[in-house]
Amino acid sequence: MTEFIEKHSIKILLVVCVAIFISNLDVIYVNIMEARNFVTAREMLYKGNWLLTTMNDFPRYEKPPLPTWLTAISASLIGIHNLFALRLPAALSAIILVFFLYKIAVLLFNNKKLSFYASLILATSFYIIFSGRNGQWDIFTHSFMVISIYHLIKMLQYQEKCWQNSLIAGLFFGASFLSKGPVSMYALWLPFLIAYGIAYRSNISKRKILPFCAMLILGLIIGVSWFAYVRYADPQAFLDIAKEEAGNWTSYNVRPFYYYWSFFTQSGIWTIPAFVALLYPYLKNKVSNKKGYTFALAWTLASVVLLSIIPEKKSRYLLPVLIPMALNTSFYMEYLILHFKELKRGEKIPVYFNFILIGLIGVAFPIGGFIFLKDKLDGFYISFILTSVFLFTIGVCIFYFLRKKNIENVFYLVISFILTILVFGFPLAKTFNTNQNFNNINTLKTNLKLYSLGEPAPEMIWHLGYSAPEIKHGETITFPEESEFGILVNKDREDELKRIFETEYSIKLIKEYDINYTANPEERAYKNRLTSNYYLIKKD
């Protein structure tokens, strides 16, 4: 099996990535981050707001527009409310990210097998899977930056096509900037430069200073072009939003410096190998390429440290760390595959613990899954049976090859474990859609102009299918010109609605909408913000 895999590694990597990032892409309901992005893409198509981007008819300049452009184009070709179409650009970005990490590893380490391991680890890391299957923009900015880094390495290491690589690196640097501002430049590109300087300083030539500067200048010109245009075309809104965003960096979701110290857990199924791979004194003389391992470790740690300096912290901000960490973990995985039989008993404990746990989950799934889901399986029996059969078989095989001390086969079985969950098991996620009061607002039909009081949940506007402009933004109230109109208001703001309109208008509740998919009103996970009452307002 391993010989076949080595011979067809690129094709296998493509099949794995397609299965991970594209299969069942439309199963999960739209979340808040996606809703913001999808509404902005829809308003590009419906209203032509390609440069001065909007959400619910209000300026949305917090994020640059490149990923939104790509999403809008995909939606225009396949369907504006087709979740597969809307998520496809992010999925393709994730696949490109995996392939270019492979190319970077081959370029630096000259080891295709190690590069293959790193790419598979990256593709099956938890937050990479989540980001690549979600319509959020983080995956775009880091994918474009990895392409830029690949060409930057070629520019630094080879004289041939130096200026061509400089140009391409600059273009994708700018594309990264146009996807989420300087996020990837700070969290991925700058740590790369630090790590490259530590491990490969001998490759850096003074002759490369000029093409490097040209690359950086080109990238920044492309990257700031949209910001400069918006600053010129809509200065007040731009400044207000910029001020709010800058304030968030120091006052919103503020966490202590050590908040990211458990960063390796974001790799999900690779948590234990990723942690061991960080133990430099243990691995430095065991890996096949000490300089390459030093580079991967330095890149990983530099990224974590730089992210830790920023006061605002969220788990999803660790996405760029997973990219070099996949390289770092691959060195440990290669070491295990080549030398596991020779390891001391103490060194084998974390390996057995990690893979036995995965094997146990696979073997236990048929019974445990049935007990947990038995009342919800109507319509999902085929998915459940296929998932059970494959996970059970994989679990048994993991135990068998662990006994034979064949870690390479165990590694590939873990990849198969993830593939099974995403290809066969993912539809089971719909069994958690249990809200008995669920009433989607996409059923709202009216010929009246529709407004909203306060900022409605982005998911609500997405499901509605068109904008419902706010009549109150900040402290300013703008009364509709129509004598009769509809208004959406969250249950928490009904008193405010009556206070604003009760003197000169009649107010009539028409219908309540609830787009909580997975929680009933009495449950703790229930979100009030995902409810909205539709009122008919008439001027007396």
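1. The largest nonpolar core holds 133 residues, and Phe21, Phe295 and Phe355 touch the most other members. A nonpolar core here is a set of buried Ala, Val, Leu, Ile, Met, Phe, Trp, Tyr and Cys residues joined through side-chain atoms within 4.5 Å. Buried means under 20% relative accessible area, exposed means over 50%, and partly exposed lies in between (1.4 Å probe, protein chains only). Helix 5 (residues 83-109) gives this core its largest share, 16 residues.

2. A note on the basis of these points. This is a predicted model: local features need pLDDT of at least 70, side-chain atom pairs count only at pLDDT 80 or more, and totals for chains, interfaces and linings use all residues. Residues are numbered from 1 along each chain as its sequence is written, and side-chain values use heavy atoms, with hydrogens and water left out.

3. Look at phenylalanine 355. Leaving aside residues up to four places away in sequence, phenylalanine 355 touches Trp270, Met333, Ile398, Leu402, Val410 and Val414. Contact means heavy atoms within 4.5 Å. Another core, of 23 residues, lies apart from the largest one. Leu86, Ala457, Ile461 and Ile515 are among its members.

4. Now the charged pairs. The whole structure contains eight salt bridges. Each is a side-chain nitrogen of Lys or Arg within 4 Å of a carboxyl oxygen of Asp or Glu. One of them joins lysine 113 to glutamate 408, with the closest N and O atoms 3.4 Å apart. Lysine 113 lies in helix 6 (residues 112-123) and glutamate 408 in helix 19 (residues 407-425), so the bridge ties together parts 295 residues apart in sequence. Lysine 113 is partly exposed at 30% relative accessibility. Glutamate 408 is buried at 9%.

5. Stay with helix 6. Helices (H or I, at least four residues) and strands (E, at least two) are DSSP runs, numbered from the N terminus. The buried residues include Phe116, Tyr117, Leu120 and Ile121. The expected span is 1.5 Å times one less than the number of residues. For helix 6 that gives 16 Å, and the end C-alpha atoms are 16 Å apart, which agrees. At the helix start, a side-chain oxygen of asparagine 111 comes within 3.2 Å of the backbone nitrogen of lysine 113.

6. Aspartate 138 and lysine 180 form a salt bridge, their closest N and O atoms 2.8 Å apart. Aspartate 138 is in helix 8 (residues 138-157) and lysine 180 in helix 9 (residues 162-180), so this pair is 42 residues apart and links distant parts of the chain. Both residues are buried. Asp138 and Lys180 also belong to a salt-bridge network with Arg316.

7. Arginine 529 pairs with glutamate 459 in a further salt bridge, with the closest N and O atoms 2.6 Å apart. Arginine 529 sits in the loop between strand 7 (505-514) and strand 8 (531-539), while glutamate 459 is in helix 20 (residues 458-464). They are 70 residues apart. Arginine 529 is partly exposed, with a relative accessible area of 31%. Glutamate 459 is buried at 5% relative accessibility.

8. Last, leucine 14, in helix 2 (residues 9-21). Leucine 14 has 42% relative accessibility and counts as partly exposed. Its C-alpha atom is separated by 9.3 Å from that of valine 98, 84 residues apart along the chain.

Terms used:
Polar contact = N/O pair within 3.5 Å; in protein donor to acceptor, adjacent residues only side chain to side chain.
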